[in-house]
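Good morning, colleagues. Please look at the model on the screen while I go through some of its local features.

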Amino acid sequence: MINDLWYKNAVIYCLSVRTFMDADGDGIGDFAGLERRLDYLQGLGVTAIWLMPFQPSPKKDGGYDISDYYGVDPDYGSLGDFVAFTHAARQRGLRVIIDLVVNHTSDRHRWFQSARSDPHSLYRDWYVWSEERPANADEGMVFPGVQRTTWTYDTKAKAYYFHRFFDFQPDLNTANPAVIAEILKIMGFWIELGVSGFRMDAVPFVIARKGADVKGEPVEQFDLLRNFREFLQWRQGDAIILAEANILPRQDLDYFGDDGDRMHMMFNFQVNQATFYALAASDGRPLVKAIEKTWARPATAQWATFLRNHDELDLGRLTEAQRQAVFRAFGPEAEMQLYDRGIRRRLAPMLQGDPRRIRLAYSLMFTLPGTPVLRYGDEIGMGDDLSLKERDCARTPMQWTGEANGGFSKAERPVMPVIAKGPFGFPHVNVAEQRHDRDSLLAWMQSIIRLRKEAPEIGWGEISAVETGENAVLALRYDWRNNAVLCVHNLAARPLEVALRTGIAAPEGDLLIDLLTGSRSEAAEDGRHTICLEGYGYHWYRVGGLDALLRRSPG
């Protein structure tokens, strides 16, 4: 059963093949280059790799405009290269998850070209049309300020087509059974080629009813999620779907399913945004509230926790005051912001390159309830290039060495400029240099990932917040199979001393062993532990000491 639920205690690493490693010298990352770097990923300690879209695409939206769901873009190699990669990953104990982008296709996809060319086409009803411009055509844009409408007139079709995203990404009509059958076929195809699951893009839009007559609050087709889940369980029992669904907590069980029969995992956007407020304001209370609001879920379901990803940091779930506090701390300049709702930066420059704050942030992420997801390059503290448009600023090539192009490519001009200047340039921030430095961020990240895998309570256990008496000190306890872990973080720059109880009314609660240093804390007569934390300091404790360590069940 634990193997079937491997995702509950995984460590996921997200990357773009396009900007990870170029093997053939054409300036574009490819599967051959990625395969060469599998030993690096295995050494880092991650257990699953999440690939952003790599299928054929015009790449007007970073590959999220797919023109063929059954192939590999020639820039990245062939299907054979992909299979060689998944086989090599499996040999190293690494699972592969790929993006499933089925809310929309590229307007160059043969389905759409056929649909627009002939009203009697087999594919006409695969998309959403209206003979007249709908009254709500100027509402519901995903990219306000960049995107002007959600309905565009097609001169060949002589009708308007619906696109929740850009006009070159027409939405699929997921109310059409033929479309759903094709989505299942796509999933089955990639499962056969060695993937262990999918990160499903824009899930609330995938399952929403679409059309000119749809008004008011969205009407979701939640049965579709059960269909996707049942198909995967039939084809490969331990395959998963990780849903991108930025929803309110009251909808969580709609997506997970009351019995855990819908999505296996979801990104926890509520906790993500509250985490950045906690880091900005040195106040963990709203983060505790976000954790409590999103805690209820089926036993087989899991949250995915993260700090940064390929999109902007969306702050839409915070209050206006909280949002402005995060903007002031991490994105004070207009060029750092996007769509008036988020920040388009990588983590290290947001935290001004301060090693203490970066390590605190990642220690916090790895001890939040759920499965951690790490963005490529963040393990070495890569920066961003704000001269690049929109979200491209945080999608620059991986920095492997101090050589030309950061060792990413031997081409004169890579597909995207490598960060070369400033404190985050590849001469200063690269894998090769950090591999030989025991005090580097990379070395620390390897150790914290190893520690996270040795604390399965965080992935599997019940969580409770422990009172510390300080708003800036967050203490979370996890209990699983008669074992407990207590994680304490000081969100403030100043040193703080706190006295706390473990919450375990037994002799086991009288002793804490620090998993990071091995130091011990014994409770005073009143049952409290006095813990001193340096500015931005943190501790991971095993509650109960050596006895608990010896009887801990493996995850």
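Predicted model: local features only at pLDDT ≥ 70, side-chain atom pairs only at ≥ 80, totals over all residues.

Which residue of strand 8 is the bridge partner of Arg-199? In strand 8, that partner is Leu-242. Residues are numbered from 1 along each chain as its sequence is written, and side-chain values use heavy atoms, with hydrogens and water left out.

Let me stay with strand 8, residues 240–243. Helices (H or I, at least four residues) and strands (E, at least two) are DSSP runs, numbered from the N terminus. Two strands are said to pair if DSSP finds at least two bridges between them. Strand 7, residues 197–200, pairs with strand 8 in the parallel sense over four bridges. Strand 8 also pairs with strand 9, residues 265–267, again in the parallel sense, over two bridges. Leu-242 has Met-265 as its bridge partner in strand 9. In a regular strand, side chains alternate between the two faces of the sheet. In strand 8 both faces are covered: Ile-240 and Leu-242 on one side, and Ile-241 and Ala-243 on the other, are all buried. Buried means under 20% relative accessible area, exposed means over 50%, and partly exposed lies in between, with a 1.4 Å probe and protein chains only.

I turn to strand 1, residues 12–15. Ile-12 and Cys-14 point one way, Tyr-13 and Leu-15 point the other way, and all are buried. Strand 1 runs parallel to strand 2, residues 48–51, and four bridges join them; here Leu-15 stands opposite Leu-51. Strand 1 also pairs with strand 14, residues 371–375, in the parallel sense over three bridges, and there Ile-12 stands opposite Val-373.

Next comes an open sheet of three strands, in the order 4-6-5, with antiparallel pairing. Trp-151 stands opposite Phe-162 in strand 6.

Asn-176 counts as buried, at 15% relative accessibility. Its side chain reaches the backbone oxygen of Asp-125 at 3.1 Å. Contact means heavy atoms within 4.5 Å; not counting residues up to four places away in sequence, Asn-176 touches Asp-125 and Trp-126.

The side chain of Asp-283 makes a polar contact with the side chain of Arg-285 at 2.9 Å. A polar contact is a pair of N or O atoms within 3.5 Å; within protein, one must be able to donate a hydrogen and the other to accept it, and residues adjacent in sequence count only if both atoms are side-chain atoms. Leaving aside neighbours within four places in sequence, Asp-283 is in contact with Tyr-277, Ala-278, Asn-471 and Leu-491.

My last topic is backbone geometry. Most residues other than glycine have a negative phi. Which values of phi do we find at Arg-481 and Asn-482? Phi of Arg-481 is near 50 degrees, and that of Asn-482 is about 65 degrees, positive values in residues that are not glycine. Arg-481 sits in the loop between strand 16 (473–480) and strand 17 (483–490), and Asn-482 lies in the loop between those strands as well. Arg-481 is partly exposed, with a relative accessible area of 44%, whereas Asn-482 is exposed, at 72%.
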